[in-house]
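Have a look at it first.

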Amino acid sequence: MEIAAPKMNIQHNIQLQPYNSFRTKALAKLFAQPKTVEELQEILAACKSENKLIIGHGCNLFFTQDFDGLIIKPEIRGIDILQENADWVEIEAGASEDWDAFVGFCVSRGYAGIENLSLIPGTVGAAPIQNIGAYGAEVNDVIIGVKTVETETGNIKNFSNAACDFTYRNSIFKQTRKYAVTSVVFRLQKSFSYVEKYVDLSLELKDNPNPSLQQVREAVINVRTRKLPHPEALPNAGSFFKNPILTKEEKEKLLALLPDAPVYNAGEDSFKTSAAYLIEKAGYKGKRKGDVGTYEHHALIVVNHGTENGREIADFVNEVRNTVFQQFGVMLEPEVWIF
């Protein structure tokens, strides 16, 4: 299909290797990078019959085959203060802003609430889709609105926090894949007092009982840098699996097999355990098979040692999942999208 719309800059047969952090090769039939909401709407209108996929930095997906449709990589940027008072600020950020740069921007101005989410790779737009969280903080706690374009119709649709249907590492955007996030609105606090929420972070700050906002950000960066490989040096997509949520019966079965398994309350009659712990107990921490493996310092990170074929990564991931299930009766669910 030829599309005569040069101002929309829709490209054909684009190699996707630079656009996913695992660096797997695949071709996109169509590819576009709209810089405004209006451009995004024009592109969607021109490609109504195509399969569509919206990507950011590609830090949470990879490809096992060519994509027969339209890949949209928005370049919608900007950071604006919407309103503020003595206690809080409401700030809107374009979906294509780099997430960690946005965290740095907020911390440098004394806006508290996302400092524990420092150094998470990706874009602002990906944050509500994945409902990112780390070191005791969840992004859904500070999001008050998400602005989107519906990919089927091109209509603008804005979501309140409640309408986003946030659950653990999930949202209506991830569930339906029907919306292109264009910007996110956050409410952040102007006062800050450190509260211990996560052991590793507290250990990093053990000699500083009253750290500043900037010191907490630096501590998070230090912890993450030690534990996690940088995607540029060793291609990966961060934490590959969600921490499993167990029923009471599943929890009791797991503790019968692994009495030392970490188990935490996760709501009424539900319990969370550690995917990294299960992977390590299954013998997969630091294990490598061909050009794919798990990181030597963190079992939850699947790393690419050199393959350009996404099927090799998918096969290794399935092997890890099946082994953990066979040994412990828990099926791990990927956080990463596999196409």
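Q: What makes lysine 242 and glutamate 333 a salt bridge?
A: A salt bridge needs a side-chain nitrogen of Lys or Arg within 4 Å of a carboxyl oxygen of Asp or Glu. Here the closest N and O atoms of lysine 242 and glutamate 333 are 3.1 Å apart, so the pair qualifies. Side chains of opposite charge can pair when their charged atoms come close.

Q: Before we go on, what kind of model is this?
A: It's a predicted model, where local features need pLDDT of at least 70, side-chain atom pairs count only at pLDDT 80 or more, and totals for chains, interfaces and linings use all residues. Residues are numbered from 1 along each chain as its sequence is written, and side-chain values use heavy atoms, with hydrogens and water left out.

Q: How confident is the predictor, in pLDDT terms?
A: pLDDT is the predictor's confidence in each residue, from 0 to 100. The protein averages 94, and 98% of the residues score at least 70. Residues 1-6 stay under 50, though.

Q: Which salt bridge involves lysine 29?
A: Lysine 29 meets glutamate 50, with 3.1 Å from N to O. The two sit 21 residues apart: lysine 29 is in strand 2 (residues 27-32), and glutamate 50 is in the loop between helix 1 (37-46) and strand 3 (51-54). Helices (H or I, at least four residues) and strands (E, at least two) are DSSP runs, numbered from the N terminus. Lys29, Glu50 and Asp68 are also linked in a network of salt bridges.

Q: What does the side chain of asparagine 131 reach?
A: It reaches the backbone oxygen of threonine 167 at 2.7 Å. A polar contact is a pair of N or O atoms within 3.5 Å; within protein, one must be able to donate a hydrogen and the other to accept it, and residues adjacent in sequence count only if both atoms are side-chain atoms. Asparagine 131 has 2% relative accessibility, so it's buried too.

Q: Which residues touch the most other members of the largest nonpolar core?
A: Trp99 and Phe186 do, out of 56 residues. A nonpolar core is a set of buried Ala, Val, Leu, Ile, Met, Phe, Trp, Tyr and Cys residues joined through side-chain atoms within 4.5 Å. There's a second, separate core of 30 residues, which includes Leu258 and Ala275.

Q: How do you know that strand 18 and strand 19 pair?
A: Two strands pair if DSSP finds at least two bridges between them. Strand 18 and strand 19 (residues 298-304) have four bridges, in the antiparallel sense, so they pass the test. Glycine 293 stands opposite valine 303 in strand 19, and a hairpin joins strand 18 to strand 19 through two residues.

Q: What is phi near for leucine 119?
A: Phi is near 70°, a positive value in a residue other than glycine. Leucine 119 has 31% relative accessibility, so it counts as partly exposed.

Key: Buried < 20%, exposed > 50% of the residue type's maximum accessible area, 1.4 Å probe, protein only. Contact = heavy atoms within 4.5 Å.
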